[in-house]
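Welcome, and thanks for taking a look at this one with me. Please open the sequence and the model side by side, then walk through the points below.

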Amino acid sequence: MKFQRIAIITCYFGKWPWYFPYFLHSCKYNPTVDFIIITDNTEQILNRPDNVKIIKKDLNGLRMTFSTILGFKVAIDDPYKLCDFKPAYGRLFPELVKGYDFWGHGDIDIIYGNVRNFISEEMLDEYELITARHDFLSGTFTLFKNTKKMNELFMLSKDYRRVFGNATHFCFDECNFLWKQIGELRKGQTIFDLPCEIESMTHVIRELQCENKIKAFFDFMIVEGMPGHLKWVEGKVIFKNKFEALLYHLIKFKKENKPSKVFLPMPDSFKISPSKIYIS
């Protein structure tokens, strides 16, 4: 079966974290998706799957390239600021997205499940944007159709120049930190009902949806936090032996716990408790 081509782009600077082998191992089980990592790390990567591409760049080089492409001086004082630029990757890395039907932005603090079990060909045919949350755009996993319209979508925000020209991190790729008020959204309010410093990408997409100018898919497909009862089995993330997930995001796990053991060779299955990754 011929799949539409997908590339997921991640910028990561510094030493590879302890969980990086788990990320790589889960990428291996998604051979029809390419994972492109832009990094200044020159360390040799053991057991790197063929579909994980490493592009060597330094932060200053990216700053200069972004400024040239966008036509104004951008401010990137630290790697974390690059999160604000995620929705612009299609415009900022034209040579990397060339030849792909969809490009997306992601992270490396992730253990992927079976991506194609969630991102079907029918979805790719129907939608121009697919994101892994139901309430706001996910910085961890959002796909954009590789078209001029979608690659320049970030420019529809009235605040994108302010965001890119300021070293402050605005969480532009998601919702300007409105996830802190997620309870209000669950009460029936929309993102437009909440006070916000900038017009984020979620604001842009939701407004276009209301105007029927874009076909976007929002659904909750991921596991975050430290729920326990989680396992990875031959390329699938399974929760409570019942529910399959697109990915497990280790954002809280990595902050709350000491590094878990990395098994070599990497196993075909392992479990994730609230405190460690282990084999049983």
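1. Let's begin with a sheet in this predicted model. Its 3 strands run in the order E5-E13-E9, the sheet is open, and the pairing is mixed. Strand E5 (110–112) and strand E9 (222–223) each have a single partner strand, so they stand at the edges with one side left without a neighbour in the sheet.

2. How do E5 and E13 pair? E5 and strand E13 (residues 247–249) are antiparallel, joined over 3 bridges. To find your place there, look for Tyr112, which stands opposite Leu247 in E13.

3. Next, please turn to the largest pocket, which holds about 1,000 Å³ of space. Its lining takes in 36 residues, and the closest to the centre are Tyr80, Asp107, Asp109, His249 and Ile251.

4. Which helices and strand each supply at least two residues of that lining? They are strand E1 (6–11), helix H9 (182–186) and helix H11 (253–256). By residue type, the lining of the largest pocket divides into 17 nonpolar, 8 polar and 11 charged residues.

5. Finally, have a look at the second largest pocket, with about 450 Å³ of space. Pro21, Leu24, Leu46, Asn47 and Leu264 lie nearest its centre, out of 20 residues that line this pocket. The lining here is made up of 13 nonpolar, 3 polar and 4 charged residues.

Methods: Residues are numbered from 1 along each chain as its sequence is written. This is a predicted model: local features need pLDDT of at least 70, side-chain atom pairs count only at pLDDT 80 or more; totals for chains, interfaces and linings use all residues. Side-chain values use heavy atoms; hydrogens and water are left out. On a 1 Å grid over the protein atoms alone, a cavity is a set of points where a 1.4 Å probe fits but cannot get out, and a pocket is an open set with protein on both sides within 12 Å along at least five of seven lines; lining residues have an atom within 4 Å of a point. Grid points are joined across faces, edges and corners, and a volume is the space filled by probe spheres set on the points. Helices (H or I, at least four residues) and strands (E, at least two) are DSSP runs, numbered from the N terminus. Ala, Val, Leu, Ile, Met, Phe, Trp, Tyr, Cys and Pro count as nonpolar, Asp, Glu, Lys and Arg as charged, and the others, Gly among them, as polar. Two strands pair if DSSP finds at least two bridges between them.
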